[in-house]
Amino acid sequence: MALRNEILLSVHDLKVFFHSDNTVSRAVDGVSYDVREGETVCLVGESGCGKTVSALAILGLVPQPPGEIPGGEILFKGKNLLDLDEEALQEIRGKEISMIFQEPMTSLNPVFTIGDQIEEAITTHDTVEKTEAHRMTVELLTDVGIASPEERMRDYPHNLSGGQRQRVMIAMSLACKPDLVIADEPTTALDVTIQDQILHLFRELKEKRQMALLYITHNLAVVAEIADRIHVMYAGIFAEVGNVEQIFRNPCHPYTMGLLASLPSRARKGQPLYSIPGAVPDPAYKPQGCPFHPRCPYVQENCRREFPEMCDFEDHHFARCPVTYRQRKGS
Amino acid sequence: MMGVNEKRGSAFPEGGVLETPKKTLFQENWGLFRKNRLAMAGLMIFVAFFIIAVTGRVLTYGRDPYFNPALVRLQEKLRPPLSKPNLETLKPEEVPRLGIYLFGTDDLGRDVFSRMFQGSWVSLTVGFVAVGIAVVIGVFLGGIGGYYGSSQINLGSLLASVLLGGGIIGILLGGTAVGVLMVLLGAAVAAVLIRMGNSKAKRPIPMGFSVLFLNLFSVDVLITGLIDIMLCFPSFFLILTVVALLPASIYTIMIVIGLTSWMGAARFVRAEFLSLREQDFVTAARALGVSNWRIIFRHMVPNAMAPVLVSATIGIATAILTEAGLSFLGFGVPPPDATWGNILSNGKNFLFDAPWLTFVPGVAVLIVVLAFNLFGEGLREVLNPKLRER
């Protein structure tokens, strides 16, 4: 359904490792996905499963050392971003790919007015007149729904509420009309009503500006709202890939099933909430075989030994679980 | 119904936006600062000193100054403060402008008031210029040390910079042939590094050149090492040595004091940067494609300035003291220009005959240094919220 457009970003078998004293944390362990023009792709997963790191790797913001990108490629408009040097990356950051961070409280520089900061985002990549930058800033702030933008421009970040700051961050990320916006849990730090407003804003802006969105979150409700394609991440790999309908109606990986079963809306009154037993493995000491097998209710002998293949369940719906695949297709 | 709407209209002017009284950061800090009486006193003395020094510059320098600090009246020597000049022995242009010797005269009959007036300008400029130099060096080195701390310096870069720097110094000192040779060698090494150093280009480095890319130590080790070495020297004696070797002038002293007192600022900035560089807004700025230099000097330095500002204020007091100390020892500003230090130094020979010659500059130094310290302490309390309201 959403596969109509040109591929904008294509990540192949990306690996990001972090070295500490004697151990290697395999934070991202071979993920592949495409983002097409105008599409919203979601990476969903628990804390520490490698969502943010895989996004930072796209912009070359993984600190090296201790980080290392031992393999894979990130093709953006045909260029491999991993081969570019710092200067070439600076050209792309903000101009073609921009990023919105989780914490609006700390992502704005406390000593400058927000007007200054948005104007800087504009003038970093385009040489424009001061008055023109001012006009564009007002326009951006209006676009992201900030009331009386002329006045707010003279405010410092501490004068604004969390929702307003996140709107400002969004305005900054849109300043150079990027083709791809990476949003790293942009609503996590906000309360539910503001979260809803921001999600609406994203949808509106996406329509208006024809940009692609790579949306990272741990919140399944958010995913259901905005995603075209969903990638469920677990311990640095993709457990399941599909569109909203496929993932929510017909989950094929036991991890996805567990996640959906633990949503409060599915619980019956008076019953304790379901939770997946166990905890996410330490990225430095992942279990052999399928990384989910210690927590999996359907675990079989093979799962402990062999790393599972990606299985093609139906039209563009993949899950890394041969056990369910055999169950559904075999019999 | 109408009444309700009107009421709303008055409570929420401009279409529902409620205006709250707003204070800028400066107003907020000023409000806090004003409560601290000692700091306010310090600030007032600071402002007064500033005005006096600037007027002193205008009124005591030049060919025919309003107050002439260098005018010798041998017949009027060692007059005590507030004494009247003997009008019979003086030519009309030799009579002090105030009609009395406010602070007395020294052993050559020079008016101590005029000399103090002139000296205040020297103290002010020494304080500000020296601390200015120290802050610039400190912020630069501390910023680089804090931001690029873990980057490695390789043998090639070190070799290139030593050769280039040494060559330029060589040329300046007269060894032109050797200097040019060193500069050329350094440039060659740098060119090799740039040609092959592009780590993203996955070309193998030819044999023999790989030694140039041997990592020696990190930037942080270099800069903290430099700070520690500079702190090891007893700085007053270092200054004495340097001043003894270089031609005596007020500018030499400013520069030397500045070059030997940047370590505090560098340490503060480095420490601030270590925590600032992990902040989200730095990552956010990088994600927007802002260059590293711009991030350091535009985004991070303003956030790290609070402790530097405080130490700079106190540093001005220290620099004034150092200059006075140097002048007292005779290494300072050469005569006939007056500074508080050399008035004091001159006065010590007449400690019992003319105590005002030591008392007046001594008290002036005391007041100014105390004022700067109080002001600095007040500033520290305002800028560091943890110290407030205690």
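## Exercises on a predicted model

In chain B, helix 9 (residues 235-245) packs against helix 13 (residues 292-328) at an angle of about 50 degrees, their axes being 11 Å apart. This is a predicted model, in which local features need pLDDT of at least 70, side-chain atom pairs count only at pLDDT 80 or more, and totals for chains, interfaces and linings use all residues. Residues are numbered from 1 along each chain as its sequence is written, while chains are lettered from A and ligands numbered from 1 in the order in which they are written.

**Exercise 1.** Classify the packing of helix 9 of chain B with helix 13 of chain B.

*Solution.* Step one: take the angle of about 50 degrees. Step two: compare it with the classes, which are roughly parallel under 35 degrees, roughly antiparallel over 145, roughly perpendicular from 65 to 115, and oblique for the rest. Helix 9 of chain B is therefore oblique to helix 13 of chain B.

**Exercise 2.** State which residues of the two helices meet (C-beta atoms, placed from the backbone, within 7 Å).

*Solution.* From helix 9 of chain B come B:F236, B:I239 and B:V243, and from helix 13 of chain B come B:T322, B:G325 and B:L326. The residues of this contact divide into four nonpolar, two polar and no charged.

**Exercise 3.** Decide whether A:K77 is buried, exposed or partly exposed.

*Solution.* A residue is buried with 20 or more other C-beta atoms within 10 Å of its own, exposed with 12 or fewer, and partly exposed in between. A:K77 has 15 C-beta neighbours inside 10 Å, so it counts as partly exposed. Its phi is positive, about 50 degrees, although A:K77 is not a glycine.

Key: Axes fitted to C-alpha atoms, helices over the stretch in contact; angles between N-to-C directions. Helix = DSSP H or I, 4+ residues; strand = E, 2+ residues; numbered from the N terminus. Nonpolar A, V, L, I, M, F, W, Y, C, P; charged D, E, K, R; others polar.
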